[in-house]
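Please look over the sequence and the model before reading on.

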Amino acid sequence: MIDDTPKFADPTVIPNFLDNHDGARYFDSNPGAAKSSNAIVGNFLISGIPIIYYGTEREMKGNGDPFNRAALWSNGGYSTTGATFSLIKKLNGIRKGLGNGTRFHTEIGKVIGNSDNDIAILRNNVLVVLTKVCPFPVLVNTGS
């Protein structure tokens with residue numbers, strides 16, 4: 001992971017996204033549970049503002065235009081029961097809770113360790129461990 005934060009006046013407002021209307025959808029590559037869970041958790045908990053492209057919450061696929069821009073209602077409609085929707089809903093709550101009365105939203109995460117399979121990021125007393133070997137990322141509030 002490269003630290004590009006000195007290039008930005010305020011790196012805490014940089015938008016983070018896994019996919020958007022300009023390229024293939026994230027789930028088009030069939031990332032699997034471990035990779036997708038870690039990617040979504042990272043998107044929400046690293047520095048910046050998490051952006052979720054419509055349909056990502058229900059694992060929509062689409063490789064290139066116009067398939068990456070397909071209408072939500074023509075792809076099974078809007079479901080609130082899937083695993084990815086549930087994860088994003090939980091992460092919204094966690095992120096909101098971490099920001100209440102703390103500097104979580106204004107502090108830049110620091111990589112405190114990494115390997116070929118794992119990365120550990122500390123951000124305002126919250127330790128986030130993303131790994132290729134486990135389908136569930138680790139989130140620990142280390143206190144102050």
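The text below takes up salt bridges, then aromatic pairs, then charges over rings.

The model is predicted, with local features needing pLDDT of at least 70 and side-chain atom pairs counting only at pLDDT 80 or more, while totals for chains, interfaces and linings use all residues. Residues are numbered from 1 along each chain as its sequence is written, and side-chain values use heavy atoms, with hydrogens and water left out.

If a salt bridge is taken as a side-chain nitrogen of Lys or Arg within 4 Å of a carboxyl oxygen of Asp or Glu, the count comes to two.

| Salt bridge | Closest N and O atoms |
|---|---|
| R69 and D65 | 3.1 Å |
| R103 and E107 | 2.8 Å |

Accessibility is expressed as relative accessible area, where buried means under 20%, exposed over 50% and partly exposed in between (1.4 Å probe, protein chains only). On this scale R69 is partly exposed at 39%, and D65 is exposed at 54%; R103 is exposed at 52%, whereas E107 is buried at 18%.

A charge sits over a ring if NZ of Lys or CZ of Arg is within 6 Å of the ring centre and within 35 degrees of the ring normal. R25 lies over the face of Y54, 4.9 Å from the ring centre, and the charged end of R123 sits over the ring of F104, 4.0 Å from its centre.
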